Protein chains: 2
Amino acid sequence: MNNFEFKNPTKIIFGKDSIKKLENEIPENAKVLLLYGGGSIKKNGIYDQVQAALENFSVIEFGGIPANPEYSVLLEALEVIKTENITYLLAVGGGSVIDGTKFLAAAALYEGHSPWDILVDKKRTEVGLPFGTVLTLPATGSEMNSGAVITRKETKEKLGMGGPGLFPQFSILDPQVITSIPERQIANGVTDAFMHVLEQYMTYPDGALLQDRFAESILQTLIEVAPRILEDPTDYKAASNFMWSCTMALNGLIQKGVPTDWAIHAIGHELTALFGIDHARTLAIIAPSHYKYNFESKKEKLAQYAERVWNITEGNTDDKAYAAIEKTVDFLHGLGINTKLSEYTNDYEGTAETISKRFTDRGMLGLGEHHDLSPDKVAKIVKMAY
Amino acid sequence: MNNFEFKNPTKIIFGKDSIKKLENEIPENAKVLLLYGGGSIKKNGIYDQVQAALENFSVIEFGGIPANPEYSVLLEALEVIKTENITYLLAVGGGSVIDGTKFLAAAALYEGHSPWDILVDKKRTEVGLPFGTVLTLPATGSEMNSGAVITRKETKEKLGMGGPGLFPQFSILDPQVITSIPERQIANGVTDAFMHVLEQYMTYPDGALLQDRFAESILQTLIEVAPRILEDPTDYKAASNFMWSCTMALNGLIQKGVPTDWAIHAIGHELTALFGIDHARTLAIIAPSHYKYNFESKKEKLAQYAERVWNITEGNTDDKAYAAIEKTVDFLHGLGINTKLSEYTNDYEGTAETISKRFTDRGMLGLGEHHDLSPDKVAKIVKMAY
């Protein structure tokens with residue numbers, strides 16, 4: 001097990017009818033900016049619940065934060081924060097709204113030239129404007145971590161940011177929100193959480209026995225509940241396990257003390273930037289090829305995953321490892337998620353070279369747990385995923 | 001899954017040679033009270049490492065906090081805190097020293113009549129004197145939770161306390177400390193952590209799939225590493241998994257959203273108060289009888305534990321559940337832990353009645369996840385444990 005530091009101060013308020021507890025978490029006299037996305041919260045009742053809970057606060061709204069939170073839109077919100085002297089942010093939405101809110105929490109207190117520098121120069125945010133979240137879409141884990149990914153259409157870039165000042169002060173998780181999520185988004189959420197775990201697990205055995213088992217626990221739970229939620233999103237037992245699994249998949253816990261990969265995300269982000277493919281689906285496209293291309297260095301862990309998560313007991317290490325990749329693809333297909341780039345776009349020729357060149361231009365040396373996936377190797381993985 | 005709230009702000013600093021990081025965690029200008037136990041830290045080198053890290057701080061020492069931290073000793077430390085205007089507490093020790101420090105953190109700011117009221121009146125500590133810990137004995141999980149248990153010899157009482165103001169600000173976990181722990185204490189630590197998990201798990205199925213699997217993960221890890229550490233405490237891989245498992249066993253995570261039992265602890269505390277038996281060993285005495293006495297209400301979960309943790313696949317639910325109790329007893333015996341009261345004292349006659357009467361006198365209605373274990377039922381469990 002590697003040395004690590006772990007601190008996660010976010011307060012989770014989990015369960016049925018918990019949105020109303022909002023009012024106890026925001027400081028009195030706060031001037032609140034309520035941030036949300038495309039407006040689905042106005043149709044599914046969440047907006048009304050939030051409004052009721054905010055009755056005694058001074059609130060301004062900013063809706064319209066798009067999926068893959070767009071820099072230019074966030075700059076408009078930043079302007080509102082400054083002109084209205086906002087003191088508290090409240091994100092009501094999924095990962096995009098929460099990530100956008102994290103950017104705003106950082107940018108509101110940033111004193112440099114342009115807030116885009118926070119992303120380009122990888123500036124760690126030690127103190128941000130305080131914020132809380134009401135999660136409407138389990139998937140990214142953003143509700144209990146301090147990271148965010150921001151998109152800039154103008155330059156077709158998608159970059160990460162973070163820092164200890166960007167943990168939500170609180171996050172409200174009411175699994176009942178799942179009843180109004182479209183099937184496509186639920187499938188994305190399951191895929192996203194599943195891939196988050198794999199990025200922190202599918203490397204090489206490092207003697208972190210407990211972290212491995214926790215990771216496997218989340219995978220097993222997602223496999224168990226995913227079909228039940230897709231069948232019936234009002235199944236509260238399944239929904240609550242799904243929601244808590246998504247949070248635990250990326251709240252920092254399972255990555256502590258272990259090597260992590262994250263190459264799938266790095267490559268996947270480029271597919272979203274280039275084609276606008278849903279984030280989760282880009283991971284599903286890249287993962288199988290990535291695991292096949294890096295089979296030798298990952299096969300021990302793939303075989304462990306095969307045995308413990310998929311109950312594959314037949315064959316040698318190679319057989320089990322390969323079978324586990326197949327099982328993963330079958331699982332994704334079962335969610336209605338395609339795993340080949342050509343199933344999303346006809347315009348895929350040249351993508352491998354484009355992504356490889358982007359990585360080279362950015363000075364990227366090597367992705368993955370061994371930092372050995374150079375841009376030319378990335379090109380091969382992407383080509384395998386056509 | 002039940003509704004829950006979860007917040008754990010303790011910063012964990014885990015790994016080899018991490019004690020020196022202490023100096024970055026304590027505020028400049030702090031006046032520190034360094035608290036420790038019987039002085040073993042002066043023999044195993046931990047004291048020297050702590051002293052080196054505290055070089056630039058104003059430090060006063062208070063040693064001699066006994067196992068089962070004793071109220072009268074803690075009152076002496078409280079006097080030091082007040083006369084010396086201490087602003088920060090540093091616990092260097094195991095659960096007893098850390099629990100004692102939590103009491104002091106609460107008592108230092110308590111404005112009521114007598115600090116014993118904090119325990120008797122179950123006063124929740126919202127704000128305590130800030131403190132950190134250097135863990136020298138993995139077992140209780142006190143390094144990452146906000147609870148403590150304090151003993152008062154004078155009245156043969158052992159009572160709990162807690163509150164959000166009693167989370168350590170940081171805890172340093174260097175698994176190398178395990179090399180100098182006597183075998184008896186290691187066995188106690190494994191038992192303590194194992195029983196902590198069982199108290200939060202061995203109830204009835206409640207649809208909290210992820211929490212169940214996390215609990216099982218900790219149990220499996222403890223079972224895997226315990227023989228390795230007892231064989232060779234310098235086995236760093238085993239030691240690090242043992243240490244992290246103990247912390248995760250009682251940092252609040254696995255108890256969220258599920259029913260919990262804690263009857264074993266409630267009864268076990270009385271055995272420590274009456275006979276001075278090591279805390280962990282009291283749990284080992286009570287658990288098997290408790291599970292047999294409450295077999296009908298716990299058998300489904302016992303059978304799940306049998307299957308997933310002990311790989312017992314033969315037989316029906318009753319068979320598996322019973323086999324799991326036997327496996328648990330065998331595991332404890334393998335650690336060198338006796339599981340019958342008569343193996344610890346010849347003076348056990350009447351213990352059942354004494355404990356039962358104490359519970360009645362305190363107005364206790366019912367222990368366990370169903371709150372139905374009345375004092376007379378407790379007597380039966382204790383008698384089964386003779």
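Two strands are said to pair if DSSP finds at least two bridges between them, and the strands themselves (E, at least two residues), like the helices (H or I, at least four residues), are DSSP runs numbered from the N terminus. By this rule β6 (residues 147-152) and β7 (residues 157-162) of chain A pair in the antiparallel sense, over 6 bridges, and A148(A) has M161(A) in β7(A) as its bridge partner. β6(A) and β7(A) form a hairpin with 4 residues between them, and in the turn K156(A) has a positive phi of about 50°.

This is a predicted model, in which local features need pLDDT of at least 70 and side-chain atom pairs count only at pLDDT 80 or more, while totals for chains, interfaces and linings use all residues. Residues are numbered from 1 along each chain as its sequence is written, chains are lettered from A and ligands numbered from 1 in the order in which they are written, and side-chain values use heavy atoms, with hydrogens and water left out.

We can now turn to the sheet. Strands of a sheet pair through backbone hydrogen bonds, either parallel or antiparallel. An open sheet of 12 strands, with mixed pairing, runs in the order β3(A)-β2(A)-β4(A)-β5(A)-β8(A)-β1(A)-β1(B)-β8(B)-β5(B)-β4(B)-β2(B)-β3(B). At its edges stand β3 (58-62) of chain A and β3 (58-62) of chain B, each with a single partner strand, so one side of each is left without a neighbour in the sheet. From one strand to the next the twist averages 25°, where axes are lines fitted to C-alpha atoms (for helices over the stretch in contact) and angles run from 0 to 180 degrees between N-to-C directions.

Where the chains meet in this sheet, β1(A) and β1 (residues 4-14) of chain B pair in the antiparallel sense over 7 bridges, and I12(A) stands opposite F6(B). Within chain B, β1(B) and β8(B) pair in the parallel sense over 4 bridges, with I172(B) as the bridge partner of I13(B). The strands β2 (residues 31-35) and β4 (residues 88-93) of chain B are also parallel, over 4 bridges, and there L34(B) stands opposite L90(B).

How many residues does each chain give to the contact? Counting heavy atoms within 4.5 Å as contact, the answer is 40 residues from chain A and 40 residues from chain B. The buried area, meaning the accessible area (1.4 Å probe) that two parts lose on being put together, summed over both, is about 3700 Å² between the chains, and carbon and sulfur atoms give 58% of it. Between chain A and chain B there are 4 salt bridges, each a side-chain nitrogen of Lys or Arg within 4 Å of a carboxyl oxygen of Asp or Glu. One of them joins E5(B) to K11(A), whose closest N and O atoms are 3.6 Å apart. On the side of chain A that touches chain B, the elements that give two or more residues are β1 (4-14), α7 (209-231) and α8 (236-249) of chain A, and α7(A) gives the most, with 12 residues.
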